[in-house]
Amino acid sequence: MQIEKAAFGYDKRKLILKDFDYVFRHGKITALVGPNGCGKSTLLGLCTKMYKPTNGAVYLDGKSIAKFKGKDFAKHVASVYQVNEIPSDLSVHGLVAFGRTPHRKSFGFLSESDEAVINYSIEKTRLKNFEARRISDLSGGERQRAYLAMALTQEPKILLLDEPTTFLDIYFQIEIMEIVAGINSEKGVTVIMALHDINQAVKYADDIIVMKNGQIAASGAAKTTLTSELISSVFSINAEVIKTENGDNFYAIYR
Amino acid sequence: MDKKKAVKTIAVYAALIIVVLLLIVISIGAGSGRASFFQVVRGIFAGNETVRVLISVNMPRTLVAFFSGAALSVSGVLFQSVTRNKFADPAIIGVSPAGFTGGLIATVLLSASAIFVSLFSVVFSLAVFALIFWFSYERGVKSNKILALGAAVNAVLVMVILTIAVMQNFAATSVILSLAGSLAVPKPDVVHTSVVFSMAGILAAFLLAGKCNVLTLGDKTASGLGVNVLQTKIALILVAVFLAATAAVHVGITAFLGLIAPLIARKILGANHYNIIPLSAVLGGLILLSADCFGRTLGTPVTLPVGIIVTVVGGCLFITLLGRSYNYAD
């Protein structure tokens, strides 16, 4: 997926995203980090066709995504959001089955191959024991995994995650990250995710984009791009880079 | 578990079909020139003359009542899907009053035929709802605004209806009665229009059931699954307005039916629209027809309009449900 000179704003005089140029590496995990209001979610919104760029374009396999039909696009790109509607009276299996929508006609029952994909997603997201439970009865972490499973069931080439772990406790945050990393390595799905936690971004992503005021402040390999100077200039906080025992960077953050 | 659900579904529909048939027989015998249930049944098989007269008098009314109730309920389901609010109702958001106003204009000012009255009522409500939709649209359909604007339109239109009545020197009671759904003995072409329009609308709604299901996940997720949310909502609104206007010509501004029937349907067979739509149709038809039978029997020789019974009972039920903080978001 490639973003070319994209700009976006509800108001033309006040752009949320300016002149954004980036090529996401195929089959890799890219993390977007930056302070609130820096344009992370807007950028993801452009990639999902939720927003139309006021300037520039987003390309998928060399074709502008504006030219994709709804269902065809949904076979290529799936997304998981921070907050989701919780439909009443819907089981985990029922929710995940909705992921087949772009692959099916409006009528008819799920085929065997549909069921196979649904089962794969449910197993991958460790929800086998929750399959028959209602979405409304699940904990936040289980629910987010169910939505991730639905996205997987679309069999996308690109998975977009908009702060999927924001409202989860640390255990569930790491669980989601590990599932996403697993999918990426197993199926080669390209992952683009906005994250708040810098340490998680560095640990699980291949590439990182640091955003500020709707522009790229820095980008590159996740392991090396972030320096304490960069963090303090973008987030207005102090960060100390600590080497862990296995040689990874850990960012200790303070004011 | 799936098998259990299938059995339950079949059992529910079978039971309802039996209830519908029983109620039709009761309805034939209800009202002035009353005949008991068994008299009617015996009469049907023996070809009794009195019963034949009763059928020709009461069958048209029975059909119109049943299909108007079905249409109104399904219209409610679709509006609930569009606004993502379980308490949306075609009468409360101004569509039924618009349909009735359209029907009144066509009947009084243009003295049109049955089909034309229905069509005019549909077009008029579409125009009114297009206005509501236009004002409530900002970067997507804003549900709360639809509900609030609709309530205002409702209030204004009821006064418009009364104004037309006064200007035309009607005996005000006759308009008030039809506003509350008098269902006065309909002519054959009225019956045909009502039945055909209602069935067509309900079928269209059923074809959109899958889309309604996806919409329950929210606009963002639905469009992520490749559904064109705006297009879908417009299609749903077209069908919903068509159904509500078709019903309004006969049952006036009967409120809360479009809300109560789907609520019961959801309780019985769950939140799948492939069930909610047909089930609401049958339940809505049943409720309205029972109310009509009741109204004809209770006040003999005067007939109490269906709208009064349904709205009062439905309204009280609604107040109870909402007042007892029935899970609002659910």
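A:Lys71 is partly exposed at 33% relative accessible area (partly exposed lies between buried, under 20%, and exposed, over 50%, with a 1.4 Å probe and protein chains only). A:Lys71 sits in helix H2 (residues 70-76) of chain A (helices are DSSP runs of H or I, at least four residues; strands are E runs, at least two). The model is predicted: local features need pLDDT of at least 70, and side-chain atom pairs count only at pLDDT 80 or more. Residues are numbered from 1 along each chain as its sequence is written.

**Chain A overall**
- Chain A has nine helices and 12 strands.
- Of its 255 residues, 50% are buried.
- The C-alpha atoms of chain A fill a box of roughly 55 × 45 × 30 Å along the principal axes.

**Salt bridges**
- The structure holds 14 salt bridges over all chains (a side-chain nitrogen of Lys or Arg within 4 Å of a carboxyl oxygen of Asp or Glu).
- One of them joins A:Asp207 and A:Arg25 at 2.9 Å, N to O.
- This pair links distant parts of the chain, 182 residues apart: A:Asp207 is in strand S9, A:Arg25 in the loop between strands S2 and S3.
- A:Asp207 is buried, at 5% relative accessibility, whereas A:Arg25 is partly exposed at 41%.
- A:Glu163 and A:Lys40 pair at 3.5 Å, N to O.
- A:Glu163 lies in the loop between strand S7 and helix H6 and A:Lys40 in helix H1, so the pair ties together parts 123 residues apart in sequence.
- Both A:Glu163 and A:Lys40 are buried.

**Network**
- A:Arg100, A:Asp114 and A:Glu155 are linked in a network of salt bridges.
- Within it, A:Arg100 meets A:Asp114 at 2.9 Å, N to O.

How values were computed
Chains are lettered from A and ligands numbered from 1 in the order in which they are written. Side-chain values use heavy atoms; hydrogens and water are left out.
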